[in-house]
Amino acid sequence: QLKLVESGGGLVQPGGSLRLSCTGSGLALDNWVIVWFRQAPGKEREAVSCISSTEESAYVIDSVKGRFTISRDNAKNTIFLQMNSLKPEDTAVYYCAAGILVNYYCSGTFDSWGQGTQVTVSS
């Protein structure tokens with residue numbers, strides 16, 4: 001059994017930064033692809049970034065490219081999402097999910113989901 005817990009969300013002004021963490025327990029994450037999703041009220045959930053299990057391969061969607069960076073520290077069983085130059089449209093609940101059958105564009109089947117952390121970008 002794998003449990004994921006997100007942390008690091010909060011309220012920031014436009015242009016600010018946050019660093020989200022996704023920490024696993026129960027199982028090591030080193031063999032899992034991790035995807036960061038977000039969902040804003042009234043909008044569908046979208047994948048924003050993912051990172052491979054063993055390859056140094058990562059993908060971010062165009063709307064966050066150059067602003068968000070995904071990384072992982074398998075020794076700490078943690079995946080990070082560094083979010084810079086935040087915009088109001090980044091406001092959402094951010095979730096991490098773990099899967100094995102996940103493609104380069106973050107699409108696949110996910111075996112575990114965190115409960116989410118709220119990110120609010122507002123003046």
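I started with cysteine 50, which counts as buried because its relative accessibility is 4%. For my own reference, buried means under 20% relative accessible area, exposed over 50% and partly exposed in between, with a 1.4 Å probe and protein chains only.

Before going on, I noted that this is a predicted model, where local features need pLDDT of at least 70, side-chain atom pairs count only at pLDDT 80 or more, and totals for chains, interfaces and linings use all residues. Residues are numbered from 1 along each chain as its sequence is written, and side-chain values use heavy atoms, with hydrogens and water left out.

**Entry: the partner of cysteine 50**

I found that cysteine 50 forms a disulfide with cysteine 106, the sulfur atoms being 2.1 Å apart. The cut-off for a disulfide is a pair of cysteine sulfur atoms within 2.5 Å. Cysteine 50 sits in strand 5 (residues 46–51) and cysteine 106 in the loop between strand 9 and strand 10 (112–113), so this bond ties together parts that are 56 residues apart in sequence. Strands here are DSSP runs (E, at least two residues), numbered from the N terminus. I then looked up the S-S torsion, which is about -85°, so the disulfide is left-handed. Cysteine 106 is buried too, with a relative accessible area of 4%.

**Entry: the other pair**

How many disulfides does the structure hold? I count 2 disulfides. Cysteine 22 is joined to cysteine 96, with an S to S distance of 2.0 Å. Cysteine 22 belongs to strand 3 (residues 18–25) and cysteine 96 to strand 9 (residues 92–99), so the bond links parts that are 74 residues apart in sequence. The torsion about this S-S bond is about 75°, so I wrote it down as right-handed. Cysteine 22 is buried at 0% relative accessibility, and cysteine 96 is buried at 0% as well. With the bonded cysteines numbered in sequence order, the pairing reads 1-3, 2-4.

Two strands pair if DSSP finds at least two bridges between them. Strand 3 and strand 8 (residues 78–83) run antiparallel and are joined by 6 bridges. Across from cysteine 22 I found isoleucine 79, in strand 8.

Key:
Helices (H or I, at least four residues) and strands (E, at least two) are DSSP runs, numbered from the N terminus.
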